[in-house]
Amino acid sequence: MPASSASETGGTLETASGKHAIVVELAETPPEREKGLMFRRSMAPDHGMLFDFDESRPVTMWMKNTLIPLDMLFMDEQGVVTQVKRMAKPESLDLIPSGGPVRYVLELNGGAAERFGVHQGDRLRHPLIPPGRR
């Protein structure tokens with residue numbers, strides 16, 4: 001895997017099937033968000049990339065130059081999953097809308113959302129995401 005300018009931190013996906021530790025690369029700046037996981041040929045099963053959009057707003061993702069299938073978890077300001085897009089097709093230019101305002105998007109390997117049992121209403125705990133009620 002090529003070196004990334006994004007930093008790596010730990011996070012926990014909380015789902016009905018339990019708590020799942022993941023290593024999260026951060027994409028916080030416009031250049032980091034623009035590059036995302038482009039040109040990567042693989043990603044470890046317990047890794048992902050967390051996009052922080054600095055505010056809640058509708059966002060649109062795509063798979064341009066992304067070589068591996070991805071699951072995308074769209075999340076609100078508290079890290080609560082509002083929508084799950086499973087198995088986004090590599091290199092597709094199709095737009096993937098958030099379906100409403102979100103603050104964060106977590107990209108995981110395609111199939112990871114199913115493996116972790118992720119559904120709407122589940123949550124990502126991460127140092128970047130302020131703890132909220134729930």
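Colleague: How much space lies in the largest pocket?

Modeller: About 230 Å³ lies in the largest pocket. A pocket is an open set of points on a 1 Å grid over the protein atoms alone where a 1.4 Å probe fits, with protein on both sides within 12 Å along at least five of seven lines; lining residues have an atom within 4 Å of a point. The volume is the space filled by probe spheres set on the points, which are joined across faces, edges and corners. This is a predicted model, in which local features need pLDDT of at least 70 and side-chain atom pairs pLDDT 80 or more, while totals for chains, interfaces and linings use all residues. Residues are numbered from 1 along each chain as its sequence is written, and side-chain values use heavy atoms, without hydrogens and water.

Colleague: Which residues lie nearest the centre of that pocket?

Modeller: Of the 17 lining residues, Arg33, Glu34, Phe51, Met61 and Trp62 lie nearest the centre. H1, S3 and strand S4 (70–75) each give two or more residues to the lining, and S3 has the largest share, with four. These elements are DSSP runs numbered from the N terminus: helices (H or I) of at least four residues and strands (E) of at least two.

Colleague: What does Arg33 form a salt bridge with?

Modeller: Its partner is Asp54, with the closest N and O atoms 3.7 Å apart. A salt bridge has a side-chain nitrogen of Lys or Arg within 4 Å of a carboxyl oxygen of Asp or Glu. Arg33 is in helix H1 and Asp54 in strand S3, 21 residues apart, so the pair links distant parts of the chain.

Colleague: Is Arg33 buried or exposed?

Modeller: Arg33 is buried, at 18% relative accessible area. Buried means under 20%, exposed over 50% and partly exposed in between (1.4 Å probe, protein chains only).

Colleague: How many salt bridges does the structure hold?

Modeller: The structure holds six. One of them joins Glu25 and Arg40 at 2.9 Å, N to O. Glu25 lies in strand S2 (residues 18–27) and Arg40 in the loop between H1 and S3, so the pair ties together parts 15 residues apart in sequence. Glu25 is buried at 2%, and Arg40 is buried at 5%.

Colleague: Turning to the strands, how many bridges pair S3 and S6?

Modeller: S3 and S6 pair over nine bridges, in the antiparallel sense; strands pair if DSSP finds at least two bridges between them. Phe51 has Val105 in S6 as its bridge partner. S4 also runs antiparallel to S6, joined by six bridges.

Colleague: Why is S6 largely enclosed?

Modeller: Ten of the 14 residues of S6 (residues 96–109) are buried, so the strand is largely enclosed by the rest of the structure.
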